[in-house]
Amino acid sequence: MEHGSRPHPGFFAALHPSVCMVYFAAAIGLTLACSHPAAAALSLAGGTAFSILLRGGKETANTYKFVLPMFLLIAIGNPLFNHRGATMLFMLFDQWITLEAISYGLVSACTLSAIIVWFACYQQVMTSDKFLYLFGNVAPNTALLITMTLRFIPKLKKDAADIAA
């Protein structure tokens, strides 16, 4: 890739939209269904690698500007509010902090982070035209409404950047 050029969907752009939809549905669905720490970590690592290849390091870093604070908030917040677990580590504010609550918080944070990263990749690959192609015959009004709504996100980001400048 040339210096300064923007990554593009490449291989995924040539695939049929239903193949891309099944791929992302499987990636996101398996991330949600498997609450195992290794599965969550692998999904986050795979989604991040795919995002870097697809969107570039800078755009992925911009995604992580949101994902990382959210990850920390969930990972730290869960043991503070959830006191279930058998392995009590220490007391904080007269509440036991358990190993299980910390573990569950880390897995939940990793799972949610992975889903956000996968949806960022989905947004890059599944354009509104592909979405309309897939769902236009099944539910035309709903597909059009979703497509029109999703087109406002980049516009709102651009308007927010213009206002900030």
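Which helix does Thr63 lie in? Thr63 sits in helix α4 (residues 57-81), where helices are DSSP runs of H or I with at least four residues, strands are E runs of at least two, and both are numbered from the N terminus. The model is a predicted one, so local features need pLDDT of at least 70 and side-chain atom pairs count only at pLDDT 80 or more, while totals for chains, interfaces and linings use all residues. Residues are numbered from 1 along each chain as its sequence is written, and side-chain values use heavy atoms, with hydrogens and water left out.

Back to Thr63: at 13% relative accessibility it counts as buried (buried means under 20% relative accessible area, exposed over 50%, partly exposed in between, with a 1.4 Å probe and protein chains only). Setting aside neighbours within four places in sequence, Thr63 touches Arg55, Ile116 and Ala120, contact being heavy atoms within 4.5 Å.

Zooming out, the protein chain has seven helices and two strands, running α-α-α-α-β-β-α-α-α along the sequence. Its C-alpha trace spans about 55 × 40 × 35 Å along the principal axes. The radius of gyration is 19 Å, whereas a compact globule of 165 residues would come in near 15 Å; this radius is taken over C-alpha atoms, and the globule rule is 2.2 Å times the number of residues to the power 0.38. Buried residues make up 31% of the 165. Among contacts with a separation of 6 or more, 64% link residues 24 or more positions apart.

Now for a helix pair. The axes of α2 (residues 17-33) and α5 (residues 99-125) come within 9 Å and cross at roughly 175 degrees, with axes fitted to C-alpha atoms over the stretch in contact and angles running from 0 to 180 degrees between N-to-C directions. That makes α2 roughly antiparallel to α5, a label for angles over 145 degrees. On the α2 side, the residues taking part include Cys20, Phe24 and Ile28; the α5 side includes Thr111, Ile115 and Trp118. The contact divides into 14 nonpolar residues, two polar and no charged, counting Ala, Val, Leu, Ile, Met, Phe, Trp, Tyr, Cys and Pro as nonpolar, Asp, Glu, Lys and Arg as charged, and the others, Gly among them, as polar.

Ala39 belongs to α3 (residues 37-55) and is partly exposed, with a relative accessible area of 28%.

How values were computed:
Angles under 35 degrees count as roughly parallel, over 145 as roughly antiparallel, 65 to 115 as roughly perpendicular and the rest as oblique.
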